[in-house]
Amino acid sequence: MTAPTRSGADRRIAVLSAELAAHLPDSTAAALRVPAAARAAHLAARRGQLADLTPLVAVVRNDEEAHRLADDLSAWLPAGMVRVLSERAALPLERSLPEHDESGDRLEVLDLLAGRHHHFVVVATLLALVQRTLSPAQLAAARVSLRVGERIDQRGLLTALVSGGYEATVEVSGVGEFANRGGIIDLWPPGLADPLRLELFGDEVESMRAFDPMTQGSRRRVERAVLLPASEFLPPGGWQGLGEAAPSLPSEALQADLARLEQGDLAEAAETWAALLTAGPAVEHVADAHLVLTDPSELRAIAADLDLQAAERLAGLVAAGELPDEWPLPYQAAAALAALEQRAAEVLDEAGINGVYGTPPSLPGRADRIGPWLAELAAGK
């Protein structure tokens with residue numbers, strides 16, 4: 001599995017992180033005063049102090065901020081890997097078809113958080129970490145490794161794909177789909193830019209090739225691949241146990257949902273049934289990471305807003321007779337944030353203490369003064 005990477009845009013900037021690291025305070029429970037403009041540099045320097053396989057996870061307020069910080073970090077970490085943990089776009093409890101691309105991208109990042117990549121950095125919004133998903137144990141157990149020349153059980157592989165949320169199709173055209181024609185299996189796992197075509201000779205993987213989903217033509221040989229599950233909505237107790245886990249189902253729509261779900265068909269029920277179809281919040285995947293929270297007071301306000309929005313949506317659906325009173329909420333943002341605060345290695349805030357970042361000096365008014373101005377700064381004048 002090859003994940004997209006961000007390579008450093010300017011090595012002249014990246015080398016400064018080692019110089020900055022010498023001046024960083026030790027991680028502390030007290031909030032550090034780090035202005036937004038300095039956070040990419042600060043996190044890059046901190047990344048350099050960590051063990052190679054220890055991920056660094058920075059929690060920010062919203063998706064725009066997450067992408068901006070990830071882009072800034074890419075200039076500082078030429079040898080690293082910066083990813084954004086995306087949010088699912090659907091509203092809490094909304095009836096909508098699940099997006100394989102969304103879940104696939106999230107599962108790829110969560111899988112890499114298990115110490116599978118050197119110098120790994122994840123920037124995540126609070127909502128992305130609050131939304132429920134597979135447990136770390138589920139995700140690890142569902143990974144399937146393939147290598148050309150090895151022997152596999154074809155029926156077992158197809159069963160694993162179905163159990164992992166892959167959708168059987170006649171022709172693979174999107175992430176999370178697979179097709180089987182005799183000894184040929186086409187599939188598109190999360191994390192791959194192109195789908196794969198496996199050719200089996202008996203029970204041996206004779207070849208693997210990436211292919212063009214539009215023309216179905218082969219592109220390049222692949223020697224090994226890791227298949228991740230295609231869906232975040234895989235009930236820990238199995239599909240058949242949903243009837244016992246679910247509260248009363250007063251509406252025909254919920255009863256129809258249950259009948260489809262017991263056959264493994266999500267249809268439009270994924271977000272509505274999220275609390276019953278998932279193991280827990282994505283927060284559970286950051287247990288072994290160096291966790292950095294930013295602007296904690298604002299994160300608490302966001303958590304309160306998320307919980308209020310979910311509670312109001314549930315109340316509206318209950319009043320409309322679509323859900324019973326005891327239907328579980330899709331997430332508990334305040335509780336998830338409290339768990340993050342307990343695990344945080346450091347907290348960055350505009351108004352924190354122990355600041356090592358000063359107010360930026362005013363630029364000189366004339367371009368020809370830049371050189372002397374920089375010399376004066378370097379000399380500490």
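## Exercises on a predicted model

Leucine 93 sits in the loop that runs between strand 3 and helix 5. Keep in mind that the model is predicted. Let's work through it together.

**Exercise 1. Decide whether leucine 93 is buried or exposed, and describe its backbone.**

Solution. Start with the accessibility: leucine 93 has a relative value of 3%. The cut-off for buried is under 20%, so leucine 93 counts as buried. Next, turn to the backbone: the phi of leucine 93 is positive, about 70°, although the residue is not a glycine.

**Exercise 2. Find where aspartate 295 lies, then give its phi and its relative accessible area.**

Solution. Look in the loop between strand 15 and helix 12 for aspartate 295. This residue is not a glycine, yet aspartate 295 has a positive phi of about 45°. Its relative accessible area is 3%, so aspartate 295 is buried.

**Exercise 3. Check what span helix 5 should have, and list what covers its buried residues.**

Solution. Step one is the length: helix 5 has 13 residues. The expected span uses one less than the number of residues, times 1.5 Å, so helix 5 should span 18 Å. Step two is the comparison: the end C-alpha atoms of helix 5 are 18 Å apart, which agrees. Step three is burial: the buried residues of helix 5 include Arg106, Glu108 and Asp111, along with Leu107, Val109, Leu110 and Leu112. Their cover includes strand 3, strand 4, helix 6, strand 5 (132-133) and helix 7 (136-142).

**Exercise 4. Work out which element gives the most to the largest nonpolar core, and trace the contacts of leucine 340.**

Solution. The largest nonpolar core holds 37 residues, and those with the most contacts inside it are Val57, Leu85, Val122, Leu129 and Leu340. Among the elements that give two or more residues to this core are strand 2 (56-60), helix 5 (100-112), helix 6 (126-130) and helix 13 (333-343). Helix 6 gives the most, with five residues. Now take leucine 340: setting aside neighbours within four places in sequence, leucine 340 is in contact with Leu126, Leu129, Val283, Val286, Leu291 and Leu293. There is also a second, separate core of 28 residues, which includes Ala21, Ala75, Val82 and Val121.

**Exercise 5. Classify glutamine 131 as buried or exposed, and name residues that it touches.**

Solution. Glutamine 131 belongs to the loop between helix 6 and strand 5. With a relative accessible area of 5%, glutamine 131 is buried. Beyond residues up to four places away in sequence, glutamine 131 touches Glu87, Arg88, Arg106, Gly280, Pro281 and Ala282.

**Exercise 6. Compare glycine 321 and leucine 363 by accessibility, and place each one in the structure.**

Solution. Glycine 321 is found in the loop between helix 12 and helix 13. Its relative accessible area is 38%, so glycine 321 is partly exposed. Glycine 321 and proline 250 are 71 residues apart in sequence, but their C-alpha atoms are 7.6 Å apart in space. Leucine 363 lies in the loop between strand 16 (346-349) and helix 14 (370-378). At 64% relative accessibility, leucine 363 counts as exposed. Together with Ile370 and Leu374, leucine 363 makes a nonpolar surface patch of about 280 Å².

How values were computed: Residues numbered from 1 in each chain as written. Predicted model: local features only at pLDDT ≥ 70, side-chain atom pairs only at ≥ 80, totals over all residues. Heavy atoms only, no water. Core = buried A, V, L, I, M, F, W, Y, C linked by side-chain atoms within 4.5 Å. Buried < 20%, exposed > 50% of the residue type's maximum accessible area, 1.4 Å probe, protein only. Helix = DSSP H or I, 4+ residues; strand = E, 2+ residues; numbered from the N terminus. Contact = heavy atoms within 4.5 Å. Patch = residues over 30% accessible without salt bridge, like charges linked within 9 Å, V, L, I, M, F, W, Y side chains within 5 Å. Areas by Shrake-Rupley, 256 points an atom, 1.4 Å probe, with all protein chains shown as cover. Salt bridge = Lys/Arg side-chain N within 4 Å of Asp/Glu carboxyl O.
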